[in-house]
Amino acid sequence: MQIELKPILNEPALLINKKILLAADLHIGIESELKEQGINTASQTQTMTNRLITLCKKYKPKEIILLGDIKHNIPSSTIQERRDVINFLETIQKHGIIHIIPGNHDGNIQRITPTSITIHPSDGFFLENIGFVHGHRWPSEEIMQCEQIIMAHTHPTIMLTDRLEYKTFEPCWLKAKTIKEKIKEKYPDSNDPQILITPAFNPLCGGISANREGIMGPIGKTIDVENTEVYLLDGSALGKVKDIK
């Protein structure tokens with residue numbers, strides 16, 4: 001079966017085979033941590049809910065994949081965060097079958113997740129020969145045998161420098177391949193998959209600059225970062241990481 005991946009224009013969300021909607025790194029509750037650091041900002045939860053509902057109404061997905069870090073605070077969550085996560089999930093599940101792949105911020109998320117929502121193992125699950133993994137731990141052997149892997153966790157950005165040496169950081173999609181020798185050491189039966197790394201859905205998350213800091217997570221150590229292709233949310237293709245300095 002041919003795999004069709006369509007990053008949605010100007011949104012950090014992905015449409016897969018015209019019937020699966022994917023978003024990652026919502027970090028519901030991050031505002032409380034920012035407040036402790038002296039940064040007061042409005043909650044993004046309702047805004048993110050509305051954005052996802054709009055996408056669901058437009059694309060009418062049968063399934064919705066939340067690729068980790070639905071909540072933010074660890075090891076425990078605030079009462080408001082728990083309430084926001086519950087309300088978010090109960091609202092979004094009206095628009096499709098939800099799959100959750102837990103991220104490193106999702107400890108005990110099963111306690112606040114409706115029983116109708118499927119929570120998969122944190123080392124990933126696969127659907128239609130596509131492997132889905134948050135990216136904070138090594139994927140399972142089955143995931144590495146897929147043709148395509150979709151990963152989050154690193155909140156990818158690209159650092160751009162203008163003629164006045166002013167630097168900006170733009171969220172982006174990364175299209176990567178592993179270094180065969182490195183990945184075969186860990187996964188001898190790896191299918192040399194294509195890896196698509198998704199930007200964070202929550203704009204407050206910040207990110208890791210691929211052309212300055214590389215790619216976060218254990219599998220990032222096996223990725224050929226220099227030859228990874230970079231695409232902005234508006235669809236602009238910037239070329240390979242090694243060419244963007």
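These are brief notes on a predicted model, taken region by region.

1. **The open sheet.** Six strands build an open sheet, ordered β1-β2-β3-β4-β5-β6. The pairing is mixed. β1 (5-7) and β6 (118-119) stand at the edges. Each has a single partner strand, so one side of each has no neighbour in the sheet.

2. **β3 and β4.** Strand β3 covers residues 20-23 and strand β4 residues 63-66. They run parallel, joined by 4 bridges. A23 has L66 in β4 as its bridge partner. Helix α2 (residues 45-59) packs on this sheet and touches β1, β2 (14-16), β3 and β4. The direction of α2 makes about 160° with that of β3.

3. **The largest nonpolar core.** This core has 26 residues. L26, L52, L66 and F88 have the most contacts inside it. Which elements give two or more residues to this core? They are β3, α2, β4, α3 (79-92) and β5 (97-100). The largest share comes from α2, with 6 residues.

4. **Around L26.** Neighbours within four places in sequence are left aside here. L26 is then in contact with M48, L52, L66, G68, D69, I70, F88, F201 and N202. One of these contacts, F201, also has a charge over its ring: the charged end of R51 sits there, 4.0 Å from the ring centre.

5. **A second core.** A separate core of 22 residues is also present. Among its members are I143, I183, I197 and L232.

6. **The β7–β8 hairpin.** Strand β7 (residues 125-127) and β8 run antiparallel, with 3 bridges between them. F126 stands opposite G131 in β8. The hairpin has 2 residues between its strands. There, E128 takes a positive phi near 55°.

7. The structure holds 2 aromatic pairs. In one of them, F125 and F132 have ring centres 5.4 Å apart and planes at 25°. The angle is under 30 degrees, so the pair counts as stacked. Are these residues buried or exposed? F125 is buried, at 8% relative accessible area. F132 is buried too, at 0%.

8. **β8 from both sides.** In a regular strand, side chains alternate between the two faces of the sheet. Both faces of β8 (residues 130-133) are covered. I130 and F132 are buried on one side. G131 and V133 are buried on the other. β8 also pairs with strand β9 (residues 148-151) in the parallel sense, over 4 bridges. In β9, Q148 is the bridge partner of I130.

Terms used
Residues numbered from 1 in each chain as written. Predicted model: local features only at pLDDT ≥ 70, side-chain atom pairs only at ≥ 80, totals over all residues. Heavy atoms only, no water. Phe/Tyr/Trp six-rings, centres within 6.5 Å; stacked < 30°, edge-to-face > 60°. Buried < 20%, exposed > 50% of the residue type's maximum accessible area, 1.4 Å probe, protein only. Lys NZ or Arg CZ within 6 Å of the ring centre and 35° of its normal. Pairing = 2+ DSSP bridges. Contact = heavy atoms within 4.5 Å. Axes fitted to C-alpha atoms, helices over the stretch in contact; angles between N-to-C directions. Core = buried A, V, L, I, M, F, W, Y, C linked by side-chain atoms within 4.5 Å.
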